[in-house]
Amino acid sequence: MRKFKIFLDDAKEEKWINDMASEGWYFQSFHFPFYTFAKGEPGEYEYRSEMLEGFGYGKAANEYLDFVQSTGVEVVQKRFNWVYFRQHKSKGNFELYSDPVSKLSYINRISTLYGTAAVLNLVFALFNGVMSVFENSLHFNSFITGLNTGVFIALLYPLAKTVYRKQNLKKEIALYEN
């Protein structure tokens with residue numbers, strides 16, 4: 001089965017994939033904006049997604065993926081620096097991060113992605129807006145300005161949620177340190 005879905009929140013995406021698995025639909029692949037699932041036994045697997053450091057290539061990324069797989073976790077799909085894992089529920093609780101510091105590192109990577117994409121869209125919106133005024137090419141540049149502005153606004157929500165997650169995790173880390 002293929003499902004059309006667009007997520008700007010990694011936690012919501014992961015929850016949705018796990019909800020599908022609890023209904024017996026196992027995640028197979030993601031090719032924007034389509035998710036592919038196969039029918040199976042309800043609730044057999046638990047899924048996690050992660051954004052690897054850098055672009056997900058190189059020795060460090062391969063060593064990390066080898067390490068995770070050595071624990072019995074399966075890599076369902078790796079696409080650029082995004083990777084989807086699954087583990088059979090009979091093996092117990094499935095978490096990728098055992099400590100708040102490594103989880104903070106992950107959330108920082110997500111925050112950097114959203115922040116960079118938001119700033120780039122704002123810059124392009126401003127640039128195209130100025131170009132439409134000076135070149136009297138209102139139609140195309142105005143459309144691009146609107147598109148970039150829309151993307152910028154859409155990215156503000158997941159960026160704010162990620163910043164909120166980061167602040168809460170920093171408070172949790174501070175509690176452990178004291």
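At 56% relative accessibility, E53 counts as exposed (buried is under 20% relative accessible area, exposed over 50%, partly exposed in between; 1.4 Å probe, protein chains only). This is a predicted model, where local features need pLDDT of at least 70, side-chain atom pairs count only at pLDDT 80 or more, and totals for chains, interfaces and linings use all residues. Residues are numbered from 1 along each chain as its sequence is written, and side-chain values use heavy atoms, without hydrogens and water.

E53 pairs with R109 in a salt bridge (a side-chain nitrogen of Lys or Arg within 4 Å of a carboxyl oxygen of Asp or Glu). The count comes to 10 salt bridges. Among them are these:

| Pair | Closest N to O |
|---|---|
| D10 and R165 | 2.9 Å |
| E53 and R109 | 3.7 Å |

D10 is buried, at 6% relative accessible area. R165 is partly exposed at 23%. R48 is buried at 10%, while E95 is partly exposed at 46%. R109 is buried at 15%. Salt bridges with shared partners join E14, E46, R48 and E95 into one network.

Helix α2 covers residues 59–70 (helices are DSSP runs of H or I, at least four residues; strands are E, at least two; both are numbered from the N terminus). A61, L65 and V68 are buried in α2. The buried residues fall within an arc of 60° seen down the axis, so they line one face of α2 (the arc is that of directions from the helix axis to the C-beta atoms). K59, A60, D66, F67 and S70 are exposed on the other side. Just after α2, G72 has a positive phi of about 95°.

Terms used:
The expected span of a helix is 1.5 Å times one less than its number of residues.
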